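Welcome! Take a moment to look at the sequence and the 3D picture, and then we will walk through them together.

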Amino acid sequence: MPVVMRRLRDPDINPCLSESDASTRCMDENNYDRERCSTYFLKYKNCRKFWNSVMVQRRQSGVKPPMPTAAERDEILGALGKMPY
């Protein structure tokens, strides 16, 4: 598997892996009709927006690494009590 593909499939690097997979699966099941999968695209977009804002805050605070690991993301989502996206 190419390095870029491995990075995209790594849950520590890509926080929206499940949303990405769900939108791809929807496109496959609906013969690539974008209208039917718009909710999946919106959820993926909101996921990216949320984790990007977390990454910016961590970078501004000097926290390393800027993107939380998968375990840290689970703790953050657990502390929020619900999915923010």
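Accessible areas here come from the Shrake-Rupley method with a 1.4 Å probe. By that method, the chain exposes about 6200 Å², and carbon and sulfur atoms supply 53% of this area. Please keep in mind that you are looking at a predicted model.

**The chain as a whole**

- The chain contains four helices and zero strands, so reading from the N terminus on gives the pattern α-α-α-α, where helices are DSSP runs of at least four residues.
- Along the principal axes, the C-alpha atoms fill a box of roughly 45 × 35 × 20 Å.
- Of the 85 residues in the chain, 26% are buried.
- If you take the contacts between residues at least 6 apart in sequence, 48% of them join residues at least 24 apart.

**Where α3 meets α4**

- Helix α3 covers residues 38-61 and helix α4 covers residues 70-80; the two pack with their axes 13 Å apart, at an angle of about 105°.
- Which residues of α3 meet α4? They are Phe50, Trp51 and Arg58, and their partners in α4 are Glu72, Arg73, Ile76, Leu77 and Leu80.
- Sorted by class, this contact of α3 with α4 has five nonpolar residues, three charged residues and no polar ones.

- You can find Glu35 in the loop between α2 (residues 17-29) and α3.
- Is Glu35 buried or exposed? Glu35 counts as exposed because its relative accessibility is 66%, and the cut-off for exposed is over 50%.

- Val56 is found in helix α3.
- With a relative accessible area of 33%, Val56 is partly exposed, because that class lies between the limits of 20% for buried and 50% for exposed.

Definitions and conventions
Residues are numbered from 1 along each chain as its sequence is written. This is a predicted model: local features need pLDDT of at least 70, side-chain atom pairs count only at pLDDT 80 or more; totals for chains, interfaces and linings use all residues. Side-chain values use heavy atoms; hydrogens and water are left out. Axes are lines fitted to C-alpha atoms, for helices over the stretch in contact, and angles run from 0 to 180 degrees between N-to-C directions. Contact means heavy atoms within 4.5 Å. Ala, Val, Leu, Ile, Met, Phe, Trp, Tyr, Cys and Pro count as nonpolar, Asp, Glu, Lys and Arg as charged, and the others, Gly among them, as polar. Buried means under 20% relative accessible area, exposed over 50%, partly exposed in between (1.4 Å probe, protein chains only).
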